[in-house]
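Hi,

Here is the structure I promised to pass on. Have a look at it first, and then read on for what I found.

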Amino acid sequence: MNLQIIPEIEIIEIVETELEPLYRIIIHNDNVTPMDFVVEVLKVIFFLSNDRAAEIMLVAHIKGSAYVQSLPRREAEKRIQHAHHAAGMEGYPLHFSTEPE
């Protein structure tokens, strides 16, 4: 006699919760903040790769502003505050803003 044991199946109900709306982070060009500092801020605070950070920095430099990334509002504001603080500590006027996505 061949007895087979069937595992018990558990049904998991997924409840959708409302996600916090996303905000676009925009970097604004200035004629004071060094390009390498901007790239470093984008890498360290916004967790971007070196290539992506350099690309965003160049777009902002040429066009005046550039899209960085979209994050929930609180996280976007927190990272922008860190970036402004880091720039202020070095005496640079680097500026980011947010807009609803």
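In what order do the three strands sit in the sheet, and is the pairing parallel or antiparallel? The order is β2-β1-β3, the sheet is open, and the pairing is antiparallel. The strands at the edges are β2 (65–72) and β3 (95–100); each has a single partner strand, so one side of each is left without a neighbour in the sheet. On average, neighbouring strands are turned by 30° against each other, direction ignored. Please keep in mind that this is a predicted model.

Stepping back to the whole chain: the protein has three helices and three strands, and along the sequence they follow the pattern β-α-α-β-α-β. Of its 101 residues, 30% are buried. If you take the contacts between residues at least 6 apart in sequence, 71% of them join residues at least 24 apart. The accessible surface comes to about 7,700 Å², and carbon and sulfur atoms account for 55% of that.

Back to the sheet. Strand β1 (residues 22–28) is joined to β2 by seven bridges, and the two run antiparallel. If you want a spot to start looking, find histidine 28, which stands opposite serine 65 in β2.

Two helices pack on this sheet. Helix α2 (residues 50–63) touches β1 and β2, and its direction makes about 130° with that of β2. Helix α3 (residues 73–90) touches β1, β2 and β3, and its direction also makes about 130° with that of β2.

Now for the inside. The largest nonpolar core has 23 residues, and the members that touch the most others are Ile27, Leu42, Phe46, Val68 and Phe96. At least two core residues come from each of β1, α1 (35–44), α2, β2 and α3. Which element gives the largest share of this core? That is α1, with five residues. As background, nonpolar side chains in soluble globular proteins tend to be buried together.

- Valine 68 is found in strand β2. Its relative accessibility is 3%, so valine 68 counts as buried. Valine 68 and isoleucine 27 are 41 residues apart in sequence, yet their C-alpha atoms are 6.6 Å apart in space. Leaving out neighbours within four places in sequence, the contacts of valine 68 include Leu42, Phe46, Leu48, Ile56 and Phe96.

Serine 70 is found in strand β2. Is serine 70 buried or exposed? With a relative accessible area of 18%, serine 70 is buried, because the cut-off for buried is under 20%. The side chain of serine 70 makes a polar contact of 2.9 Å with that of tyrosine 67, and another of 2.3 Å with the side chain of glutamate 101. Beyond its neighbours within four places in sequence, serine 70 is in contact with Leu22, Tyr23, Arg24 and Glu101.

That is what I have for now. Have a browse and tell me what you make of it.

Cheers

Conventions
Residues numbered from 1 in each chain as written. Predicted model: local features only at pLDDT ≥ 70, side-chain atom pairs only at ≥ 80, totals over all residues. Heavy atoms only, no water. Helix = DSSP H or I, 4+ residues; strand = E, 2+ residues; numbered from the N terminus. Buried < 20%, exposed > 50% of the residue type's maximum accessible area, 1.4 Å probe, protein only. Contact = heavy atoms within 4.5 Å. Areas by Shrake-Rupley, 256 points an atom, 1.4 Å probe, with all protein chains shown as cover. Pairing = 2+ DSSP bridges. Axes fitted to C-alpha atoms, helices over the stretch in contact; angles between N-to-C directions. Polar contact = N/O pair within 3.5 Å; in protein donor to acceptor, adjacent residues only side chain to side chain. Core = buried A, V, L, I, M, F, W, Y, C linked by side-chain atoms within 4.5 Å.
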